[in-house]
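Hi,

Here is the structure for your files.

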Amino acid sequence: MTIAQAMTTTSALLVFARGWVSARRRNAEGEREARVVGVLKLVWSRPDSTGRAHAHDALRELEGASVRQAARRLRRPASRSRSASGLTRIAARVLPASERDRYVQEYSAELHELAQTGVGRPRQVMYGIRVITRTVPLRFALRAPRRERAAP
Amino acid sequence: MARKKPSGPRMTLPTQLVLRAFLAEPTKEMYGLQICAAAGLPSGTAHPILARFEKLGWLESWWEDINPEEEGRPRRRYYRLTQDGAERARIALAQATTPVSAVDGVLRPVPGPAGGTA
């Protein structure tokens, strides 16, 4: 390879690298813009402290999200996580049969509210995990009165 | 000599936080996420506490009177202190060995019904 060829190749590589860096920068700006618009939409939909709190949560969640994920978030509110629903149903199975339906409905209402207020699926799954970890204390609490009556 | 077991509920910190949230507005009805947010607890963690107080008669609960299909969302379960419950809760909080005020600087309330850690 002659010196002229080497210089041509190097300059072509430099042009390509500059273009790539500039495209990355544009993407990053677009992503930032999408995040800000998403957060503003959340605040606009609920202009109270609740809306602000959820917007803050959503912003934290969007950190590290791809452009595609951010755009998806802009198009629709967070959907309900099937995994979280499944976890709450598993939790309800541990409860006394008479109380299962009630808690399935209660957890379902809470998950629905979480999704509607923009809480993403990973945090909904965390909710499901927390519900599961509290199932045994809940079962004891629901069975407690019978034990108290049995005591002298 | 065996120590006498206290007759009331065990006053753990989350228990006290939930009671304090209710006592802030004793006549206000709240649903699970609201209670967690008001108490500064992560969402989904208050149900055992609520169940305990409901069985003791300190709290009453009922389903929201809506048509879920019309509203496009499931019914919420609302909780409220009973008159007797409010009185007992005040006494229990006053007698708690580790008052919530002692850890006020450590625990930070979570804003919004979803709780910051939803």
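Of the 118 residues in chain B, 36% are buried. Please keep in mind that this is a predicted model.

Confidence comes next. The mean pLDDT of chain B is 83. A pLDDT of 70 or more is reached by 76% of its residues. Where pLDDT is low, the predicted coordinates should not be read in detail. For the complex, the predictor gives an ipTM of 0.79 and a pTM of 0.63.

Now the fold. Chain B has five helices and three strands. Their order from the N terminus is α-β-α-α-β-α-β-α. Take the contacts in chain B between residues at least 6 apart in sequence: 62% of them join residues at least 24 apart.

One helix pair is worth a look. Helix H1 of chain B covers residues 13–24, and helix H2 of chain B covers residues 32–39. How do their axes cross? They come within 8 Å of each other, at roughly 105°. That angle falls in the 65 to 115 degree range, so H1(B) and H2(B) are roughly perpendicular to each other. By class, the contact of H1(B) with H2(B) has six nonpolar residues, with no polar and no charged ones. H1(B) brings B:Leu17, B:Val18 and B:Ala21 to this contact. From H2(B) come B:Ile35, B:Ala38 and B:Ala39.

Best wishes

Conventions:
Residues numbered from 1 in each chain as written. Chains lettered and ligands numbered in written order. Predicted model: local features only at pLDDT ≥ 70, side-chain atom pairs only at ≥ 80, totals over all residues. pLDDT = per-residue confidence, 0-100. Helix = DSSP H or I, 4+ residues; strand = E, 2+ residues; numbered from the N terminus. Buried ≥ 20, exposed ≤ 12 C-beta atoms within 10 Å, placed from the backbone. Contact = placed C-beta atoms within 7 Å. Axes fitted to C-alpha atoms, helices over the stretch in contact; angles between N-to-C directions. Parallel < 35°, antiparallel > 145°, perpendicular 65-115°, else oblique. Nonpolar A, V, L, I, M, F, W, Y, C, P; charged D, E, K, R; others polar.
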